[in-house]
Every structure is written in C-alpha cells, then in structure tokens.
Amino acid sequence: MTRNHPQPSRRTVLGGAVAALAVAAGTGTAQAAPGTGWPTEFPLPDGWLPEGITIGSRPYAYMGSRADGAIYRTDLRTGKGGVLYEGAAGLASIGLKLDRDGLLYVAGGAGGTARIVDARTGELLTTYQLTRDAAPFINDVVLHEDRAWFTDSRAAVLHGVPRGRRGEVRALPLTGEWVQAPAGTNSANGLVATPDGRGLIVVNAGQLYNVDLRTGHAIRITLIGATDVAGGDGLVRLGRTLYVVQNRLNKITVWDLDRKATAATLTRTITDPRFDVPATAARYGDRLYLVNARFTSPQTPETTFNAVAVSL
C-alpha cells in the first residue's frame, strides 16, 4: 500500500486530534433542523453518475461522480450548488465522508484508491493506493476513531486510512462468518460503526455483519422481520436505529439493533415515488438526503440525476 501526499498542515493534524477526542467522548455532529422552506429535491449535473453523499454539521451536501471522480457541493437551504473538485478522466468518487476538520475521504472505486480532498477549497491533498489487486472496487467509507475505514467490494478486507495525521494504512482481513461473493460480483458495500464503537456493521450481499476491528472476525447479524436486505447499499445509524438503503428496491428499511448489534428487528419501511435506485444516504437534522443513482436507466452524458430528502 502506498500513498502520495504533501506534508500535512497544522490544521489537518489538529483537526484530526479534535475529531478523535470527540469520538472518544461520544459526542455527535451538531446539526440545525432544516427549515420548512428548504427544498426536498435538487438537481445534479446531467451525466453526473452519483452514488455517494455526505453532510457535516453545516447545511451542505457533497456528492461524488462515477464519471470522472468530481465532487459536487449543494447548499441544502437553496438546492443550488456547483462543482467543488473537478476530478479527471479515469477517476471515480463512490462513497465519501466529511470529517470535522473539513476533509473529505473519498472511495476511488476500480482505481483501488482512497483520496482526501479539502472540502473548503477542493484541493486534492492525499491519494492512498489501498490495493494492487487487478480488479478492486473501493466502495464506501466510514469515519471511526483514528481511521477512515473503506470497503472493497471485490475482496474480503477493510482498509483503515489514518485520519488527520501521518501513518500507515491498515489492511483488516475479514474472517469468521463472512461470506465473500463470487469473483466479479460485489460483496462489502456500506458500513457504519456499531453503537458501542467496538466494531463496524457492514452490508454484504443482502446480509448485515458485525466486524470486530481488532481481529476482523465477522458475525452475521440476525435479522428479525425479514430474511435479508437485498440490494443493501448505504447505511446510516442513529443510536441503535439503523437505516439500510436498498437501492434497486427503491426503499429504506429501518432496523432496531440490540445492545451488542448481533440482532436487528425490522420496524418500518420508508418509500417515496421520487426514489430512482437511491444508492446512499446522509442525515441532516430530521431528514435523510439520498442520491438517485438510476442504475436501471441509461448511464449517458445526457442522463439526468438528482437528490431527494425524506423525513426520518
């Protein structure tokens, strides 16, 4: 695993320390409630090919492009936005997460990379080459404690990238009850931290797994009320409530996790006629914002794309 980046700034180092302390203290990201006049739908550029979305403490959504790795920023108060990071031919931005220090951690898809982009300036700060596998797919990312953890949908491994400081990438092989999909098909996708902070919940081929971050040992979470989460893509967790975006089924299922995140009970389902294969979601206040990836529609430069908001 290699990386290519300049010397971290003092802001980056201090920001990472503050983020780590906040996580250790159990504090969450403070967000204001969306105003009643805020739009619940806003456009993305034609041909954008979105898949990931992230929102921090301020009312701005960041959405990546599978077409060229660009990142678009939208003001949630107005629905207006513009390109923050231009990207380049051969790049992709799949899942992404915004850290408290203003850094965007971006999953690079088939390039096998993780990139770090300054959310204020759009400057590319760091590129990590996570794997040299011939056909990787770095899919999604979650920020937890001192690392940004990335899934690779084509390999039974998680990659831990240091947050806000210098350090080496950690490769965490997945073992235990983990079932890897056949070669050429996707396994691990979205991921969130467990409520107790000791592990990660990862969606994999229609099932949820609790992964121990010390060992990589995975246990399959018992689902109560449904047999699977087919099409499971992005995950959002609030306390012990887990939201699972099931992309091609055009729905979000809502689950109540037990104390150790070994079982999940289906409590309700969120649907909306505006859903068009939503891929991932991000929370702001009492809303979930989702990008419509439109995987079942033509993926051309003329294809239209948007993001929509639903109430929690």
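Visitor: Which residues gather in a patch of positive charge on the surface?
Guide: Arg198, Arg240, Arg259 and Lys260. Patch members have over 30% relative accessible area and no salt bridge, with like charges joined within 9 Å. A salt bridge is a side-chain nitrogen of Lys or Arg within 4 Å of a carboxyl oxygen of Asp or Glu.

Visitor: What kind of model is this?
Guide: A predicted one, where local features need pLDDT of at least 70, side-chain atom pairs count only at pLDDT 80 or more, and totals for chains, interfaces and linings use all residues. Residues are numbered from 1 along each chain as its sequence is written, and side-chain values use heavy atoms, leaving out hydrogens and water.

Visitor: Where does Arg198 lie?
Guide: In the loop between strand 16 (188-193) and strand 17 (199-204); strands are DSSP runs of E, at least two residues.

Visitor: Buried or exposed?
Guide: Arg198 is exposed, at a relative accessible area of 67%. Exposed means over 50%, buried under 20%, partly exposed in between, with a 1.4 Å probe and protein chains only.

Visitor: New topic. How many aromatic pairs are there?
Guide: The structure holds 4. One of them is Phe42 with Tyr289, tilted, 6.4 Å centre to centre and 35° between the planes. Ring centres must lie within 6.5 Å; planes under 30 degrees apart are stacked, over 60 edge-to-face, the rest tilted.

Visitor: What does that pair tie together?
Guide: Phe42 is in strand 2 (residues 41-44) and Tyr289 in strand 26 (residues 287-292), so the pair links parts 247 residues apart in sequence. Both Phe42 and Tyr289 are buried.

Visitor: And Leu44, where is its place?
Guide: Leu44 is in strand 2 and counts as buried, at 5% relative accessibility. The C-alpha atoms of Leu44 and Asn306 are separated by 5.0 Å, though the two residues are 262 apart along the chain.

Notes
Patch = residues over 30% accessible without salt bridge, like charges linked within 9 Å, V, L, I, M, F, W, Y side chains within 5 Å. Areas by Shrake-Rupley, 256 points an atom, 1.4 Å probe, with all protein chains shown as cover. Lys, Arg positive; Asp, Glu negative; His and termini not counted. Charge placed at Lys NZ, Arg CZ, Asp CG, Glu CD. Helix = DSSP H or I, 4+ residues; strand = E, 2+ residues; numbered from the N terminus. Phe/Tyr/Trp six-rings, centres within 6.5 Å; stacked < 30°, edge-to-face > 60°.
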